[in-house]
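Come along while I look things up one by one.

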Amino acid sequence: MKGVSTDSVEGENVTLEDLKQKMAEFAKERNWDQFHSPRNLLLALVGEVGELSEIFQWKGEVPKGLPDWKDEEKEHLGEELSDVLLYLVRLSDICGVDLGKAALRKVELNAIKYPVNQCKGSSRKYNHLIKNNGSESI
């Protein structure tokens, strides 16, 4: 939003824990904890993903860095990406999931599922890669 200060975070690294605490405070101050069930947060998250998708709808492929986008478009994108992130952080908090640890574990699992020697430069899904015994998986 225009006029909203980000001075308190300029030059600082923002952690998932920082966001989790901010979101918990935000909800508590407004007495919104009563509405923040896992189901409600998930549905809100899905709605925000839809809004994020609308930004890219009908644009075709978009180059990295968004060189042809106006500053206002990039700012809007940042707001929608933030909405998705904030709902995800809040959902993980309400569900008791350490999102940072879960994400790192998932990266490790994906490294096993998608070995570099079989996946480099390929977009094939893991079930279409060569199994350890040398036969191709279907």
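**Ground rules.** I am working with a predicted model, where local features need pLDDT of at least 70 and side-chain atom pairs count only at pLDDT 80 or more, while totals for chains, interfaces and linings use all residues. I number residues from 1 along each chain as its sequence is written, and my side-chain values use heavy atoms, with hydrogens and water left out.

**Overall fold.** I looked up the secondary structure and found 5 helices and 0 strands. Along the sequence I read the pattern α-α-α-α-α. Helices here are DSSP runs of H or I with at least four residues, strands are runs of E with at least two, and both are numbered from the N terminus. Next I checked burial: 16% of the 138 residues count as buried. For that word I use under 20% relative accessible area, with exposed over 50% and partly exposed in between (1.4 Å probe, protein chains only). I also looked at contacts, meaning heavy atoms within 4.5 Å. Among those with a separation of 6 or more, 52% link residues 24 or more positions apart.

**The core.** Which residues make up the largest nonpolar core? I listed Leu41, Leu45, Leu52, Ile55, Leu66, Trp69, Leu77, Val84 and Leu91, 9 residues in total. Helix H2 (38–56) and H3 are the elements that give two or more residues to this core, and the largest share, 4 residues, comes from H2. A nonpolar core is a set of buried Ala, Val, Leu, Ile, Met, Phe, Trp, Tyr and Cys residues joined through side-chain atoms within 4.5 Å. I jotted down a general reminder: in soluble globular proteins, nonpolar side chains tend to be buried together.

**Leu77.** Is Leu77 buried or exposed? Leu77 is buried, because its relative accessible area is 9%. Leaving out residues up to four places away in sequence, Leu77 touches Leu52, Ile55, Phe56, Leu66 and Trp69.

**His36.** I then went to the loop between H1 and H2, where His36 sits. His36 counts as buried because its relative accessibility is 15%. Its side chain joins that of Arg90 through a polar contact of 2.9 Å. Such a contact is a pair of N or O atoms within 3.5 Å; within protein, one must be able to donate a hydrogen and the other to accept it, and residues adjacent in sequence count only if both atoms are side-chain atoms. Not counting residues up to four places away in sequence, His36 touches Ala27, Leu41, Arg90 and Ile94.

**Backbone angles.** Most residues other than glycine have a negative phi. I found Asn31 with a positive phi of about 60 degrees, in the loop between H1 and H2. Trp58 has a positive phi of about 70 degrees and lies in the loop between H2 and H3. Trp58 is exposed, because its relative accessible area is 78%.

**A pocket lining.** Last, I looked at what lines the second largest pocket, and my list includes Leu16, Lys20, Val89, Asp93 and Leu99. Helix H1 (16–29), helix H3 (71–95) and helix H4 (99–113) each give two or more residues to this lining. A pocket is an open set of points on a 1 Å grid over the protein atoms alone where a 1.4 Å probe fits, with protein on both sides within 12 Å along at least five of seven lines; lining residues have an atom within 4 Å of a point.
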